[in-house]
Amino acid sequence: MRKRLIWTGIFLLFSNALLSQEKFRRVPPYPEPIKEWRLPRLEVAVLSNGLTVGVIPRPASPWLSLQLMLMVGESSSPENLSGLATLTARLMARGTTFLSSTDIEDRIESIGGKLDIYVSFDRTFFSFKFLKENLDEALSLLSQIILQPSLASSELDAVRRSLFYEIVDRRKEPESLAERQLLRWLFKGHPYERALFNEDSLRLISRRDVQAFYNRYFRPEYAILILGGEINLSLASRKVSHYFNVWKGESSSIPSIPVLTPLSERNLGFIDLPRAKEVNIVMGNILASHYVGDIYPLLVLNQVFGASPHSRLFMNLRETRQLAYLAFSQIEVFPSGWLFLIQVKLPPHSISAALKEIDRELSRLTKEKIPAAEVEQAKSFLLESLPLELEPLEAMTRRAAEILALKLVDDYWNRWPENILTLEASRIMEVAQKLFSVPMSVVIVGDARLITNFFEQSDKVKVYDAKGQHLYTISRGEEK
Amino acid sequence: MSLFLFLAISSSLLLSQTEEKSVSEPFPFVYYHLKNGLGVILAEDSSLPVVSVAVAYGVGSRQDKPGQAGLAFLLENLMFQGSINVGPMQHFSYISRVGGRPNARLSDDMTIFFQTVPSHQLPLVLWLESDRMLGLTISEEHVDRARASALDELIQRRFSEPFFDSFLLFDQLLYPDFARSHPLHGYEEDVMSLTAEDVRDFFRNYYVPNNAVLCLVGDFNRKRARELIEKYFESIPKGRELPPEPEVAMTFKGPVYKIYVDPLASAPAFHLAYRVAGANSPDFPAFKIMEYILIRGKTSWLQRRLLRRERLVVRMEGGLETRGNSGFLRLFAVVNNEVMIDRSLKAIDGEISRLKSSLVTPEELELARNKYRADLRQRLETTADRAVFLSEMYFRSPSLEEIARMLERPLKVTPSEIVGLANRFLTEENLAVLRVRIR
């Protein structure tokens, strides 16, 4: 009896402790006090040949990340030779006056390095990451690639072949198919259209075209070189100058690109992807603004609308109505215009209902003021998630290069927290009304046999092949 | 035993939280154990206001029993389906709401859950992780949902991913025992038959503090972090002590040559492997360097010859793989036609003969060392990378103080060691080849 009492006492003692602990387990804890954080200082110098050099400190990092960005991209390729900018940039890393393709690979791997080359609508990136003790070797190698590329015919075929396989592979990806078709509409007649090249134009490109493109556009005054890691501006400028001083500038201005304009009518397109179980929808339009002050309300607006799993689009389409598996939106900022995109993955039977809900959510942005709590939540997310986004060193240097090219260092880089914190719902609504009054065009990719109902309900659906060729139009289920 | 003696022993055990030990290489961290046996590793880095939290459990697909293949995978999935105070998918929701990214990774010997969040949200992550360690919601309904999602993924991959089944078959050729050869996501029939009680047993046995490690890397105050860890984790009851897993004998016997017809493949391919030493063997560091000489990176002998110089293969991948005490140098390559398989095998044989008959040059060895060094630093780049790395080391290295020494060992390998081991291991008896034909 005495023993039982003691055991009961012990049990009560422990269970009381557990019960008192249970209280704090019941609800999520408050966060710790938030620390003020600013983006690391981006220091910039311009060398005598016009090359801009920037540095972002990341003390104690064993890596250096280098971004050499040229403010020239596929939009600078001649109209009948789209793909030339990509082919040229890739070919540059396949041999120089003194180094073969194999030598370059050896050199990169011997310094623990990785070199990626990427060409966009209006930019070319040579993204080089290497161990910090190898700065001289890395700059020496990169300067040879940039200043003395051999642009050999034998390597041209190999690069063309590998690009061809990439294009073919991309056609198997429904998201890519849909996005490229939408961009074909949005960029029709604009130089950006050339970035949507296919294998046909690649076949026409000769070594002479590559050489001419290289001679014309690879100039220091078009370039920005950013170094991120344990380095300061004085050392970076000295070293970069040592290896790149023979790169001669001609003080010419960066090629101008016409302004993008929104489509005034809604297009509805379809690409058949037999055996696809899911449907992918991409919709969007150009946003007609160039005022930098509109960027910050637009980012908050996008956060509220569709940037994360807690945004309205995802919560409505997936969580509340179970119409979609995924639904997100994004904003791309180009020097010649801003692009708004919505991407949705959903089952075939949900297309009509999902499109209706997306339109309703878009319309809400222009008609209803966003509640203050939702605005504050979006602002907190943007402020707090930035360090997470920029934790990989390449992400930080890439962002810095883009901001520098857009001349937004003072406004965006240095004043990011203030620009977000001071925003109010009325300003966000003003921007929504200004930019979101345009119709969003829609591309659907899926198995045609599974979405006949949608075709029967739709007035006019233009059907395309994977290369963007218009095949026929469906009206109320009938082919025209 | 008298009750008082029992209480005295119990209380001394309860108070046995270990002293903090400091390690400075490969980067500074401290570690200790809570009273319930939970390992804790703390590595401070205030360069950005972020913190990564990893919780690793010493259980993987190797603990699946025959007839229950896929149980570890199912439980990994269920860890996001709710716990005592957290609803289904709320873990994901809480973390992504503050800008973080929850992740999980299952291997044959470990299951790791990790996320990176803004540093002031550390209490939230500790609350979430402790809640699911304390008690997971494992109802029939939850298991049905997780099973359906696991089966869906399995079926989707089997019927849409070319070469998927060929990888499973090759695993079975290399590892004749069930524990190491069955796929992480199990077999359809096994997954179908798993019950909530099976899952509960598995959770009770393996998802316990004394079989887990909690690792924090990033911007936090160590004293405050210790307080929070104690608050959320110390009262979680210790699980029963697990008996040490018996080592499974290596039974592979080559040469093995097989053919498999893949109905989904649009091009032929082949798998090739040589049995080598396991991770605990003193020979393992030499195989690590051999991996870089032969397979890893564009400058490796096989990539350069097969992919670039002779263009025998369209793509290739591979490296050194270890499961328990077994190790294999593995390679998978896709080719344009079957003639290329023969030519590739001949070319591989040529490169292996070169490795066996002459010493690698100092330049080749230095290149391999540099690639190894760079990969190692790449594995430690972000706070999440380091949290996962330390969690893995907690279970896989003999002691955390040994990590730096262990990582340095491949850098001391000599050309004569490589030649010796190549002759001993890269032989016909250790070779397996699976040819994949198109239908």
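Helices (H or I, at least four residues) and strands (E, at least two) are themselves DSSP runs, numbered from the N terminus. This is a predicted model, where local features need pLDDT of at least 70, side-chain atom pairs count only at pLDDT 80 or more, and totals for chains, interfaces and linings use all residues. Residues are numbered from 1 along each chain as its sequence is written, while chains are lettered from A and ligands numbered from 1 in the order in which they are written.

**Stop 1: a hairpin in chain A**

Select residues 114–119 of chain A, which is strand 4, and residues 124–131, which is strand 5. The two pair in the antiparallel sense over 6 bridges, and a hairpin of 4 residues joins strand 4 of chain A to strand 5 of chain A.

**Stop 2: all of chain A**

Now zoom out. Chain A has 18 helices and 14 strands, and its C-alpha atoms fill a box of roughly 95 × 70 × 50 Å along the principal axes. Of the 480 residues in chain A, 43% are buried. (Buried is when 20 or more other C-beta atoms lie within 10 Å of a residue's own, exposed is 12 or fewer, and partly exposed is in between; C-beta atoms are placed from the backbone.)

**Stop 3: two crossing helices**

Select helix 10 (residues 295–305) and helix 17 (residues 425–435) of chain A. At what angle do their axes cross? At roughly 90°, with the axes coming within 9 Å. (Axes are lines fitted to C-alpha atoms, for helices over the stretch in contact, and angles run from 0 to 180 degrees between N-to-C directions.) Helix 10 of chain A and helix 17 of chain A are therefore roughly perpendicular to each other, a label that covers 65 to 115 degrees; under 35 counts as roughly parallel, over 145 as roughly antiparallel and the rest as oblique.

Show the side chains where they meet: A:Pro297, A:Leu298, A:Val300 and A:Leu301 from helix 10 of chain A touch A:Arg427, A:Ile428, A:Val431, A:Ala432 and A:Leu435 from helix 17 of chain A. By class, this contact has 8 nonpolar residues, no polar ones and 1 charged. (Two residues are in contact if their C-beta atoms, placed from the backbone, lie within 7 Å. Ala, Val, Leu, Ile, Met, Phe, Trp, Tyr, Cys and Pro count as nonpolar, Asp, Glu, Lys and Arg as charged, and the others, Gly among them, as polar.)

**Stop 4: a loop residue in chain A**

Pick A:Arg275, in the loop between strand 7 (268–272) and strand 8 (279–287) of chain A. Its phi is near 75°, a positive value in a residue other than glycine. Is A:Arg275 buried or exposed? Exposed, because it has 8 C-beta neighbours inside 10 Å.

**Stop 5: where the chains touch**

Show both chains. Their contact takes 35 residues from chain B and 36 residues from chain A. On the side of chain B, the elements that give two or more residues are helix 3 (90–97), strand 6 (111–118), helix 4 (122–134) and helix 14 (362–378). Helix 14 of chain B gives the largest share, 6 residues.

**Stop 6: the sheet in chain B**

Next, select strand 4 and strand 6 of chain B, which run antiparallel and are joined by 8 bridges. Here B:Ala56 stands opposite B:Ile112 in strand 6 of chain B.

**Last stop: two cis bonds**

Finish with B:Glu25 and B:Pro26, joined by a cis peptide bond with omega about 0°. B:Pro26 sits in the loop between strand 1 (21–23) and strand 2 of chain B. The bond from B:Gly254 to B:Pro255 is cis too, with omega near 0°.

Conventions. Pairing = 2+ DSSP bridges.
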